Amino acid sequence: MALVVQGRIRRLFAVGVLAVIMLGGCSGKERKNFEAGKALLNEGKYAEAVEAFDKAIEAHGSNNIRGLEIDILRYRAEAEYRAGDYKAAEHSYRLLTSADENRSEYMDMLAIIYTKLSNTDMDINIDNAIEMYEKAAKQDDKSELHINAGITIVEYYEDMYDKKMDAAYLDSAEEFLEKLLKETGRKNAKVLAVYAKHMSKREDYDKALEAVDEGIALLEKKKLNKSEDETLKSLMFSRGSCYEYKSDYNKALEAFNAYIEKYGEDESVSHEVAFLKARIR
């Protein structure tokens, strides 16, 4: 895989990959491959989409610094990321930052990619991800992508704690979560949901419940999109779990029943309800 990526990188440098011209200047072959790549991306055929975007790049064929139309590179970077080819995606997003070094979208994607490459690439570690995240934060663009980049870093620390059982990783996760809470003014439900799970892991169920209540209050009267609905689902489950860990079984059962009423019954909640009913008897 590495040789394939390196080969593609050399080829793309040869044709000139810093792109800023209008799509209207595309050749017919370039446009055809670009549109085919977008269709494949929408269908979830990510590897095939990358191939189509590469063909569009090759069809462009310019050797000057304006060589590649920027949209093709953006779509290709997304396809590489979704295909799980993080090293190739890193290369594409670095090229994009060369074209527009102040665009937070590219920095946030690099923060996510660097996090995923940590411990698998000798040249990359979590500090690279944090540095890129902080550069993006300076652009004052607290988009969902930026929030997701921060949460990805938190999840890295928590995964490392689960693997190594070293409390220093939990401390790092909490420190970063506190930064996210401050950046968002505790007004982002997704951050609060992650914080609630983290504090449960630390067995501080009162702080976890406080975050749960704040998060639910932000969402309960809104018309939710898919991501927000998933966040509310997580918060409602965490509420039941926190009360259960506090041995307040009646409140826990009430919380899980509210979850079932909204989202239906699944294996995880059924297990909790059965346990609670046995305890309450």
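By a salt bridge I mean a side-chain nitrogen of Lys or Arg within 4 Å of a carboxyl oxygen of Asp or Glu. With that criterion, a search of the whole structure gives 18 salt bridges. Please keep in mind throughout that this is a predicted model. I will come back to some of the bridges after the overall layout.

First, the layout. The protein has 14 helices and 0 strands. Of its 281 residues, 46% are buried. If we take the contacts between residues at least 6 apart in sequence, 59% of them join residues at least 24 apart. The exposed surface comes to about 15,100 Å², and carbon and sulfur atoms supply 47% of that area.

Next, the interior. In soluble globular proteins, nonpolar side chains tend to be buried together. Here the largest nonpolar core has 66 residues. Which of them touch the most other members? They are Tyr93, Ile153, Tyr157 and Leu180. Take Leu180 as an example: leaving aside residues up to four places away in sequence, Leu180 touches Tyr133, Gly150, Ile151, Val154 and Val191. Apart from this core lies another one, of 11 residues, including Phe34, Ala52, Ile57 and Ala79.

Val191, one of the contacts of Leu180, is also among the buried residues of H10, so let me turn to that helix. H10 covers residues 189–201. Its 13 residues reach 18 Å from the first C-alpha to the last, close to the 18 Å expected at 1.5 Å a residue. Is H10 mostly covered or mostly open? It is mostly covered, with 10 of the 13 residues buried. The buried set consists of Ala189, Val191, Leu192, Ala193, Val194, Tyr195, Ala196, His198, Met199 and Ser200. The cover over these residues includes H8, H9, H11 and H12; H11 spans 205–219 and H12 spans 226–245.

Both ends of H10 deserve a look. At its start, a side-chain oxygen of Asn188 comes to within 3.0 Å of the backbone nitrogen of Lys190. Just after the helix, Glu203 takes a positive phi of about 65°.

That brings me to backbone angles. Most residues other than glycine have a negative phi. Met165 has a phi near 50° and sits in the loop between H8, residues 144–164, and H9, residues 167–184. Met165 is exposed, at a relative accessible area of 55%. Arg186 has a positive phi of about 55° and is not a glycine either. Its place is the loop between H9 and H10, where Arg186 is partly exposed at 27% relative accessible area.

Lys87 pairs with Glu90, with the closest N and O atoms 3.2 Å apart. Arg94 also pairs with Glu90, at 3.7 Å between the closest N and O atoms.

Glu90 has 5% relative accessibility, and because buried means under 20%, Glu90 counts as buried. Lys87 is partly exposed at 34%, and Arg94 is partly exposed at 47%.

The other bridge I want to show joins two helices. Asp213 and Arg239 meet through their side chains at 2.8 Å, N to O. Asp213 belongs to H11 and Arg239 to H12, so this pair ties together parts that are 26 residues apart in sequence. Asp213 is partly exposed, at 35% relative accessible area, and Arg239 is partly exposed at 26%. As for bridges with shared partners, they join Lys87, Glu90, Arg94 and Asp121 into one network.

The fold has 14 helices and 0 strands. Its largest nonpolar core holds 66 residues. H10 is mostly covered, with H8, H9, H11 and H12 among the elements covering its buried residues.

Definitions and conventions. Residues numbered from 1 in each chain as written. Predicted model: local features only at pLDDT ≥ 70, side-chain atom pairs only at ≥ 80, totals over all residues. Heavy atoms only, no water. Helix = DSSP H or I, 4+ residues; strand = E, 2+ residues; numbered from the N terminus. Buried < 20%, exposed > 50% of the residue type's maximum accessible area, 1.4 Å probe, protein only. Contact = heavy atoms within 4.5 Å. Areas by Shrake-Rupley, 256 points an atom, 1.4 Å probe, with all protein chains shown as cover. Expected span 1.5 Å × (residues − 1). Polar contact = N/O pair within 3.5 Å; in protein donor to acceptor, adjacent residues only side chain to side chain. Core = buried A, V, L, I, M, F, W, Y, C linked by side-chain atoms within 4.5 Å.
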